[in-house]
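Please walk through the helix packing of this model and then through the open spaces at its surface.

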Amino acid sequence: MTNAMDVLRQYAEEHMVRPFMTQDPEYSRTRFCVEKQEESFRALLNEETTKLFEKLQAEQDQLDFIHEQALFRAGFHVALELFR
């Protein structure tokens, strides 16, 4: 992304994303369930599998970040097209 788009994405993430998510009534419930399931799953892991799981999570986080950037860029381009 360009520097300007990075700044806009960061601003949107810091100031706009959470309010949009919390408007969805399922957000809090789903977040709570995911956290509880992760706690339960981690309790089953030993040291070796914990490391593997953490590597998996790191890769998934990176993939999610790239996906979110692409969604932002797509939304930005749609907005530009609508204003032409």
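**Helix packing and pockets**

The axes of α1 and α4 come within 11 Å of each other and cross at roughly 105°, where axes are lines fitted to C-alpha atoms, for helices over the stretch in contact, and angles run from 0 to 180 degrees between N-to-C directions. Helices here are DSSP runs (H or I, at least four residues) numbered from the N terminus. Since angles of 65 to 115 degrees count as roughly perpendicular, α1 and α4 are therefore roughly perpendicular to each other. This is a predicted model, in which local features need pLDDT of at least 70 and side-chain atom pairs count only at pLDDT 80 or more, while totals for chains, interfaces and linings use all residues. Residues are numbered from 1 along each chain as its sequence is written, and side-chain values use heavy atoms, with hydrogens and water left out.

Which residues bring α1 and α4 together? On the α1 side they are M5, D6, L8, R9 and A12, which meet F65, Q69, F72, R73, F76 and H77 in α4, contact meaning heavy atoms within 4.5 Å. The residues of this contact divide into six nonpolar, two polar and three charged, with Ala, Val, Leu, Ile, Met, Phe, Trp, Tyr, Cys and Pro counted as nonpolar, Asp, Glu, Lys and Arg as charged, and the others, Gly among them, as polar.

Helix α4 also packs against α3, at an angle of about 145° and with the axes 10 Å apart. Here E38, F41 and R42 in α3 meet T50, F53, E54 and Q57 in α4, and the residues of the contact comprise two nonpolar, two polar and three charged. The side chain of T50 reaches the backbone oxygen of N46 at 2.7 Å; leaving aside its neighbours within four places in sequence, T50 is in contact with R42 and L45.

Turning to the open spaces, the largest pocket holds about 230 Å³ of space. A pocket is an open set of points on a 1 Å grid over the protein atoms alone, where a 1.4 Å probe fits, with protein on both sides within 12 Å along at least five of seven lines, and lining residues have an atom within 4 Å of a point. Its volume is the space filled by probe spheres set on the points, which are joined across faces, edges and corners. R9, A12, E13, V17, E68, L71 and F72 line the largest pocket, with α1 (3-15) and α4 (47-82) each supplying at least two of the lining residues.

The second largest pocket, with about 180 Å³ of space, is lined by M21, Y27, T30, R31 and V34. Helix α3 (residues 25-43) gives the most to this lining, with four residues.

Conventions
Parallel < 35°, antiparallel > 145°, perpendicular 65-115°, else oblique. Polar contact = N/O pair within 3.5 Å; in protein donor to acceptor, adjacent residues only side chain to side chain.
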